[in-house]
Amino acid sequence: TLAGCGRETGSAQLRPPSGPIVLGFSQVGSESGWRLANTASIKKAAERNRVELLFKNAEGDQKRQLADIRSFIRADVTAIAFSPVVETGYDEVLREARAAKIPVILTDRLIETADTSLYVSSIGAEFAAEGNLAAIYLENDYNDTEEQVHVVEILGSTGATPTKLRAEGFATTASRSGKLRIVAAETGNWTVDGGETAMRRLIRKVKRIDAVFAQNDDMGLGAVKALEAAGKKPGTDVRLVTVDATKKGLESLVAGKLNYVVECSPLIGEQLMGVVVAIHLGGRIDKRISPEQNVFDAVSAKDVLGDRQY
Ligand code: GYE
């Protein structure tokens, strides 16, 4: 018997390789262009790697996500992967997966847990670094002035890793020189509409807004709409930096409506299937896998726009 040889510690080689590889994947929702591209990447990679995919969409609801993960446990899949809606509240379901000897992979976002052996690997971007980069590029854009820059922030959904870490990264870098001053923040829930509403509120409540840090492209594009409706010229009167680098984001960057876009790649399907296949065959698994990231301005965005699939 293979019992006891590793699944408890988070490595995963207990299931003898036989039959099809089945992956249960629980997606957060379909809130943004990033998310749609992430779903497409996972579906395409599953097909290419001959992994049978059971796909569920939690529509932003953690309760639903927990039920979806439990349905994968009942189906006795080879592995479970999910992108957590929020960071807390997963320990119990992950212990159930462990009891059923099903390894779990976190994709995109992280969970907060005292027991990191509850998952074998996490695949996703370094969100704090994205916040750092957003602040560095924005700050450099104001090199010609000594004045303090008043920044408003549009946040993603509450309790999610990128919301927390992008804000932390941005604030840490901003506080270093003190040039960027974060004067207000509103949540925009990752969507274009949410970003527009948040920006409208910010315009109403804050007298002076020099710049906007929107935690994703979609909310940034919503903010652009609200600024234009208020008679302001986004990219010029008010400068904007966003995260993701979707096609729409890069197009607005080239059009001069955004100033910088920090890349966060949603194309992690192949990396995920690599881990799933390693689980099946008993190969080595990295505990942390991160895609490359980049920062774009109007000039560099032009170079990649032609190839952008999402
Ligand atoms: O930036 C945003 C999305 O978790 C990295 O979620 C992801 C974020 C992404 O909806 O657009």
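The questions and answers below concern a predicted model of a protein chain with a ligand.

Me: How many helices and strands are in the protein chain?
Reply: The protein chain contains both kinds of element. The count is 10 helices and 12 strands.

Me: Why is the protein chain as compact as a globular protein of that length?
Reply: For 310 residues the globule rule gives 19 Å. The radius of gyration of the protein chain is close to that value, so the chain is as compact as a globular protein of that length. The radius of gyration is 21 Å.

Me: What share of contacts in the protein chain joins residues at least 24 apart?
Reply: The contacts considered are those between residues at least 6 apart in sequence. Of these, the share joining residues at least 24 apart is 75%.

Me: Which residues does UniProt list for the periplasmic binding protein domain, and how far apart are the end C-alpha atoms?
Reply: The unreviewed UniProt entry lists residues 25-279 for "domain: Periplasmic binding protein". That span is 45% helix and 20% strand. Its end C-alpha atoms lie apart by 15 Å.

Me: Which helix and which strand each supply at least two residues of the shell around the ligand?
Reply: The residues surrounding the ligand include Ser-32, Trp-34, Arg-35, Val-243 and Asp-244. Trp-34 and Arg-35 fall within 33-48, and Val-243 and Asp-244 within 239-244. The elements are helix H1 and strand E9.

Me: How many residues of the shell around the ligand are charged?
Reply: Glu-31, Asp-108 and Arg-109 are among the residues around the ligand. By class, the shell has five nonpolar and two polar residues. The number of charged residues is five.

Definitions and conventions: Residues numbered from 1 in each chain as written. Predicted model: local features only at pLDDT ≥ 70, side-chain atom pairs only at ≥ 80, totals over all residues. UniProt positions renumbered as here; feature names shortened; annotations may be inferred. Helix = DSSP H or I, 4+ residues; strand = E, 2+ residues; numbered from the N terminus. Near = placed C-beta within 6 Å. Nonpolar A, V, L, I, M, F, W, Y, C, P; charged D, E, K, R; others polar. Rg over C-alpha atoms; globule rule 2.2 N^0.38 Å. Contact = placed C-beta atoms within 7 Å.
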